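Please brief me on this protein model.

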Amino acid sequence: MPLALVTGASSGIGRATAIALAQAGYSLILTGRRYERLAELAQQLTTPVHLLTFDVRDRAATEAAIASLPEAFQAIDVLINNAGNAHGLGPIQEGDVADWDAMLDSNVKGLLYVSRAVLPGMTQRQRGHVINIGSIAGHEAYPNGNVYCASKAAVASLSKSMRLDLLPHGIRVAEVNPGAVETEFAQVRFKGNESRAAAVYKGFQPLRAEDVAEVIAFMVTRPPHVNIAEVLLLPAAQASTMHFKRDA
Ligand code: NDP
Ligand code: 8X3
């Protein structure tokens with residue numbers, strides 16, 4: 001049975017991806033900071049699941065968590081680097097430095113810490129598949145998005161670099177770039193301000209987390225000679241980071 005590690009599986013895209021991969025017959029390592037969420041999800045899944053609770057910003061905790069995996073969960077075939085969030089939305093000159101740290105530490109450095117812990121096993125086995133969750137925001141900046149956009153631009157660049165470095169080892173690397181997906185993303189970005197969060201999706205149908213998960217499941221179940229290297233996945237009502245067809 002193939003084995004996948006999904007970071008940020010306690011919510012949104014990561015949670016839906018865990019469900020889709022279980023349906024595709026994967027054993028799963030699911031990670032996040034909220035253990036109860038992960039445990040509730042694990043109960044619904046019918047394939048073997050191992051839970052790891054750690055903050056991806058904490059390098060020592062990340063390394064220790066991956067090093068603690070029991071033997072049956074060590075040979076990771078698929079890594080889904082999904083954990084991350086936006087924190088705040090405002091002009092650069094007024095930026096909250098704590099928000100900047102949170103985004104760069106989770107979206108960029110956290111992805112690196114997890115990858116550094118998992119990739120040596122893949123190179124040793126000379127097989128593996130990594131999917132980094134980027135964003136349309138990493139390819140197209142928008143006003144006030146500054147550091148979040150930069151963090152996802154880093155994911156885009158790292159995905160290309162990883163594909164080059166891991167090529168000799170038979171490891172596929174891909175980037176999935178969603179547009180607007182209705183998850184807890186906007187609630188986190190606006191720190192629980194429900195009306196600001198709801199306004200993000202007002203007047204159009206955003207993607208569901210399941211829409212992204214279906215694409216990820218399709219990508220990882222392609223034959224070994226196929227790598228869908230980059231995907232831009234948008235709601236039909238979105239054409240760019242700034243252009244939406246909203247109901248009047
Ligand atoms: P959610 O807020 O619903 O989920 C975010 C997940 O990331 C949670 O499981 C959370 O787990 C985990 N996470 C966040 N920070 C950390 C951390 N420091 N350590 C460990 N886990 C962490 O948002 P989404 O599902 O929408 O976001 C998933 C990914 O998709 C992110 O990388 C996001 O940037 C990207 N994305 C989202 C889009 C959208 O419109 N929603 C569009 C494009 C990309 P916990 O809190 O339990 O730690
Ligand atoms: C999330 C999409 O446009 O809100 O990455 O930044 S956007």
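K191 sits in the loop between α6 and α7 (194-200). Helices here are DSSP runs of H or I with at least four residues, strands are E runs of at least two, and both are numbered from the N terminus. K191 has a positive phi of about 55°, although it is not a glycine. K191 is exposed, because 11 other C-beta atoms lie within 10 Å. A residue is buried if 20 or more other C-beta atoms lie within 10 Å of its own, exposed if 12 or fewer, and partly exposed in between, with C-beta atoms placed from the backbone.

This is a predicted model, in which local features need pLDDT of at least 70, side-chain atom pairs count only at pLDDT 80 or more, and totals for chains, interfaces and linings use all residues. Residues are numbered from 1 along each chain as its sequence is written, while chains are lettered from A and ligands numbered from 1 in the order in which they are written.

- N144 lies in the loop between β5 and α5 (146-166).
- Phi of N144 is near 75°, a positive value in a residue other than glycine.
- N144 counts as partly exposed because it has 15 C-beta neighbours inside 10 Å.

**Around the ligands**

- Ligand 1 is surrounded by 31 residues, and the closest are G8, G12, R33, G84 and F185. A residue counts as near a molecule if its C-beta atom, placed from the backbone, lies within 6 Å of it.
- By class, the shell around ligand 1 holds 11 nonpolar, 14 polar and 6 charged residues. Ala, Val, Leu, Ile, Met, Phe, Trp, Tyr, Cys and Pro count as nonpolar, Asp, Glu, Lys and Arg as charged, and the others, Gly among them, as polar.
- Which residues are around ligand 2? They are S135, I136, A137, G145, Y148, A180 and T241.
- The shell around ligand 2 divides into 4 nonpolar, 3 polar and no charged residues.

**The nonpolar core**

- The largest nonpolar core has 65 residues, and L28 and I216 touch the most other members. Such a core is a set of buried Ala, Val, Leu, Ile, Met, Phe, Trp, Tyr and Cys residues joined through C-beta atoms within 7 Å.
- Helix α4 gives the most to this core, with 9 residues.
- Leaving out residues up to four places away in sequence, L28 touches A4, V6, A18, L21, A22, L45, T47 and V49. Contact means that two C-beta atoms, placed from the backbone, lie within 7 Å.
- In soluble globular proteins, nonpolar side chains tend to be buried together.

**Strands**

- Strand β6 (residues 171-178) is largely enclosed by the rest of the structure, because 8 of its 8 residues are buried.
- Both faces of β6 are covered. One side has I171, V173, E175 and N177, and the other has R172, A174, V176 and P178.
- Strand β5 (residues 128-133) pairs with β6 in the parallel sense over 6 bridges. Two strands pair if DSSP finds at least two bridges between them.
- In this pairing, I133 stands opposite V176 in β6.
- Strand β1 (residues 3-6) also has both faces covered, with L3 and L5 buried on one side and A4 and V6 on the other.
- β1 and strand β2 (residues 27-32) pair in the parallel sense over 4 bridges. L5 stands opposite I29 in β2.
- E230 lies in strand β9 (residues 230-233). E230 is partly exposed, because it has 15 C-beta neighbours inside 10 Å.
- Not counting residues up to four places away in sequence, E230 touches A174 and E175.

- Is S115 buried or exposed? S115, found in helix α4, counts as buried because it has 20 C-beta neighbours inside 10 Å.
- S115 touches L79 and N81, not counting residues up to four places away in sequence.
- Q124 is also found in helix α4. Q124 is exposed, because 11 other C-beta atoms lie within 10 Å.
- The C-alpha atoms of Q124 and L52 are separated by 23 Å, and these residues are 72 residues apart along the chain.
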